[in-house]
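Subject: Structure for your files, with notes on the aromatic rings

Dear colleague,

Please find the structure below. My notes on its aromatic side chains follow.

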Amino acid sequence: MHFHNNFEINYVSEGELELTLDNTDYTLKAGDAVIIFPKQLHRYVRAKHSRTCIISFSADMISTFARKYEGMIPENSILKGLSVFEDKFLTKNYFTQKGFLYEICGILSENTTFKKEVYSKDLQFLHNILLFIDENYMYDCSLQTAAKTLKYSYSYISKQFTKYMNMSYSEYLNRYRIDRALMLLTSDKNLTISRICTECGFDSLCSFNRNFKKYTGTTPSSIAAQKNL
């Protein structure tokens with residue numbers, strides 16, 4: 001399970017996509033899409049021979065819609081029969097994309113109701129931990145620090161996190177930091193590798209390079225070289 005600070009639309013063009021959204025399981029088929037709100041917990045399992053298109057966008061792109069439904073989530077986030085819009089999912093034109101996103105939001109608001117975002121005890125725990133990582137990954141973000149800050153016991157966080165995430169807290173944290181490092185490497189030519197290492201919470205280049213290679217299969221310098229071509 002994870003969440004994003006942005007909205008996300010995932011459209012299935014071929015095959016199927018298994019989705020867990022706030023502890024409810026769904027199966028999306030070709031032509032279906034899901035719209036996920038900021039900080040909404042979700043997990044994907046993509047079947048073999050499937051193809052999807054993901055659009056991640058800030059609330060600024062749909063500011064009127066985002067303000068109206070702030071603090072709320074859809075009762076049903078699944079949209080069906082969107083194959084007629086398939087070409088629009090690939091558009092690079094800002095204004096066409098903005099108009100398309102509002103169109104999708106319009107379809108959503110016409111086909112579902114919205115409710116206040118309330119988590120079960122287990123989901124609230126998970127949300128608290130993931131939000132802590134999202135806000136503190138660049139600092140000392142160890143399990144000990146998380147337990148002290150959030151007032152959970154060390155053993156409780158360790159056990160519950162592994163139960164829900166199928167990985168340890170430290171592994172998730174390292175993956176999260178590498179995801180952020182990869183984003184910085186590919187988006188900002190002015191940042192050095194050592195600066196990215198520090199900004200993503202690693203205390204040494206050795207540790208950063210080792211984890212980067214582990215989770216991406218390549219090195220930060222290789223990514224940087226490709227970006228500068």
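A residue is called buried here if its relative accessible area is under 20%, and exposed if it is over 50%. The model is a predicted one. With a relative accessible area of 7%, F65 falls under the 20% cut-off and is therefore buried. Y69, at 14%, is buried because this value is also under 20%.

Aromatic pairs

A pair of aromatic rings is described by the distance of the centres and the angle of the planes. There are 17 aromatic pairs in the structure. One of them joins F65 and Y69, with 4.9 Å between the ring centres and 50 degrees between the planes. That angle makes the F65 and Y69 pair tilted, and both F65 and Y69 are buried.

A tilted pair is also formed by F202 and F208, whose centres lie 5.4 Å apart and whose planes are at 50 degrees. F202 is buried, at 6% relative accessibility. F208 is buried as well, with a relative accessibility of 0%.

F65 and Y69 also belong to a cluster linked by ring pairs. The cluster consists of F7, F37, F57, F65, Y69 and F114.

Charges over rings

Which ring does the charged end of R177 sit over? It is the ring of F202, and the charged end of R177 is 5.9 Å from the centre of that ring. F202 is thus a member of the tilted pair with F208 and also has R177 over its ring. R180 lies over the face of Y176, 4.1 Å from the ring centre.

Regards

Conventions
Residues are numbered from 1 along each chain as its sequence is written. This is a predicted model: local features need pLDDT of at least 70, side-chain atom pairs count only at pLDDT 80 or more; totals for chains, interfaces and linings use all residues. Side-chain values use heavy atoms; hydrogens and water are left out. Rings of Phe, Tyr and Trp (its six-membered ring) pair if their centres lie within 6.5 Å; planes under 30 degrees apart count as stacked, over 60 as edge-to-face and the rest as tilted. Buried means under 20% relative accessible area, exposed over 50%, partly exposed in between (1.4 Å probe, protein chains only). A charge sits over a ring if NZ of Lys or CZ of Arg is within 6 Å of the ring centre and within 35 degrees of the ring normal.
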